[in-house]
Each structure stands twice: as C-alpha cells, then as structure tokens.
Amino acid sequence: MRILFTAGGSPGNELIFKKLQKFHEFWFVDSDIERISQSIPLERKFELPLVSSQDYYKKILEICIEKKIQILIPGIDEELLKMHEVFLQNEKVLLFTPSKLFISKMLDKFLCMKNLNKLDFPVPETVELENIINVNSFPVILKPRFGRGSRGIHVISQAKELKLYRDLKKLNKEKYICQSYVDGQEYTVQILNCKKSRKQIIIPLKVFLKKGVTLTAEIDFDDEIIKLCKKIASYYNEDHIYNIQLIKSKIDNTIKIFEINPRFSTTTCMIPAIGIDPFTIDLSTYDVSNLKKFQGLKLNRILTNNVR
C-alpha cells in the first residue's frame, strides 16, 4: 500500500516506518521537516504549511495525486473533520480514521465525557470551567475543551487558584473543562476495530513517564481494562484505529476514562511493534490469544541530539 502520514514528526512514526517499510511505501508530511525522524529517508518527507493555512489541504491533495496515495492517516486533531470533507468524493484514497460523527463526538472533551456518562461508561466528574461555582474536593484537573498532546493542562489544588484560572480563561475566551482528579495508574489503550466483523484488537499500555507524549510504558493486558474497552469498541463499532486514555484508581481499582483520541496516537506504533500490520490484518480470523505473549513488552523513548 502507498500510505501518507500527516504530523510526520510524531514520535511513533519512526517505529511504524521501521516495522512496516518492507510491506508498504510510506511518506510523511510536517510543517517542520526537521521534526521527522532522520531514520526516514529525505525523499519520503514533505514540508507543508501549518494546518491552519489555506494551502494545507491543497498540498495534501497534490501529494496524494503525485504519489498515488491509497491510505491517508491524519494525525492532527484540527484537521480530522476537514479531511473527511476534502476526501468525501475521493474514492482512490482511504482515510484511515473513524467516522466523521465519531470524531466530532470525541474531539470536544466536554461532550465526550457527557456522552460516555450517559451511556454509563465510567468517567471523572467533568464540568465546563466557566460554569464552576463550588468545588468541594481538590485537586482537580483543568484542560482545554479542544486540544492535544497534554497541552495547557493544569493541576489545581485550592479554590483560590481555581477561581483565578476560571477568570483568566474567561477573559482570554479560552474554553476549558474541569475534571475531578483520580490518583492512580494511567493507561493509554490502542483500539483496532473492524466494523464489518465487529472484531477488535485491544492493546493497553501502562504509562510510567509522560511529558506531553508517552515516553515510557509497557503492555499490560489488565482484564478489567480489556473488558471496559471492548464494551466501548463494541458500542461504537468504528473502523480503523483510535485511542482511549484512562486511569485505574490506587484506592479501589475503579477505572475512569478521561479522554478518547479519534486518530492514531503516539503509542499506536506498538501495534506494528508486536507484528500486527493494521493496514492488511483480517480481524475476523485473528486469534487475540496470541497477544498474551507480549505482556510486559516495554516502550522506551529516548532523546537524540542532531547538531547541524
């Protein structure tokens, strides 16, 4: 397959390329070509304007035509819905994302939590920051209603601080949500689902170190997490890949979903890392018991220095 990734500098792309380059032809685009891993050949890279630019989608289309792209993988939240509009009538390029409806439900973190709560999926208490009056328990988490990569997240420990942030965000016309804090173990879970067969592969990673993106984690097939994520995957039954982020409480082992990313995440690279090709796998015949042998497999990201 001929595959194009946006957000080419995403740290997971280096491993995806390494594991699958023998089976597919890859190209990667980014607004800063220097952010794309040096292990990826220069002829496989394109520099594009920012996603907010008028020319961004035009350039994507041009690359798709020039390179005869068959699969397009958008990696930036801000482009997900627009990509569905741009490629609506294009039968030559498969958008490897969930549906436009699912994306719209999950990009808005407040509506995401509200909808999951209505469906009786466990989520932390979540309110719009501008509507907060009284909070009886601290700490709490503040995060942008729309956003990615752990940007703009604050842990608030007292009422005075919360009021200050509320007034500041309101003044700056920034949309934020406030979530109850759960002290526990964070997991980032990869969901690869086939709508037709209603089958899925679920890869939970226990997160040990996170700085904007996950740096250190290991596969942990926790039974309760698998059970919950299977329920979510079965209910929505969306094609392709998305990511669920959750916390397992230290106090009582209860699980709270705090975010769903309707796209490839930086840890999706663990799918090809365990020998699964997400672009060709037949989930209707795949034996998920094969996954157990990868229990404890670790992901460890390290910095590299490039001086020019």
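Trainee: What should I know before reading the model?

Mentor: The model is predicted, with local features needing pLDDT of at least 70 and side-chain atom pairs counting only at pLDDT 80 or more, while totals for chains, interfaces and linings use all residues. Residues are numbered from 1 along each chain as its sequence is written, and side-chain values use heavy atoms, leaving out hydrogens and water.

Trainee: In what order do the six strands of the open sheet stand?

Mentor: Strands are DSSP runs of E with at least two residues, and helices are runs of H or I with at least four, both numbered from the N terminus. Two strands pair if DSSP finds at least two bridges between them. Here the order is β14-β13-β10-β11-β12-β15, with antiparallel pairing. β14 (255-261) and β15 (298-300) are at the edges with a single partner strand each, so one side of each has no neighbour in the sheet. From one strand to the next, the twist averages 30 degrees; axes are lines fitted to C-alpha atoms, for helices over the stretch in contact, and angles between N-to-C directions run from 0 to 180 degrees.

Trainee: How many bridges join β10 to β13?

Mentor: Ten bridges join β10 (residues 184-194) to β13 (residues 240-249). In this pairing, L192 stands opposite I241 in β13.

Trainee: What is the order of the open sheet of four strands?

Mentor: The order is β6-β9-β7-β8, and the pairing is antiparallel. Five bridges connect β7 with β9 (residues 176-180), and P144 stands opposite Y176 in β9. Helix α5 lies across β6, β7 and β9, at about 140 degrees to β6; contact means heavy atoms within 4.5 Å.

Trainee: How many salt bridges does the count come to?

Mentor: A salt bridge is a side-chain nitrogen of Lys or Arg within 4 Å of a carboxyl oxygen of Asp or Glu. By that rule the count is 17. One of them joins R145 to D108, with the closest N and O atoms 2.8 Å apart. R145 lies in the loop between β7 (140-144) and β8 (154-156), and D108 in the loop between α4 (100-107) and α5 (109-118), so the pair ties together parts 37 residues apart in sequence.

Trainee: Are R145 and D108 buried or exposed?

Mentor: Buried means under 20% relative accessible area, exposed over 50%, and partly exposed in between (1.4 Å probe, protein chains only). R145 is buried at 12%, and D108 is buried at 6%.
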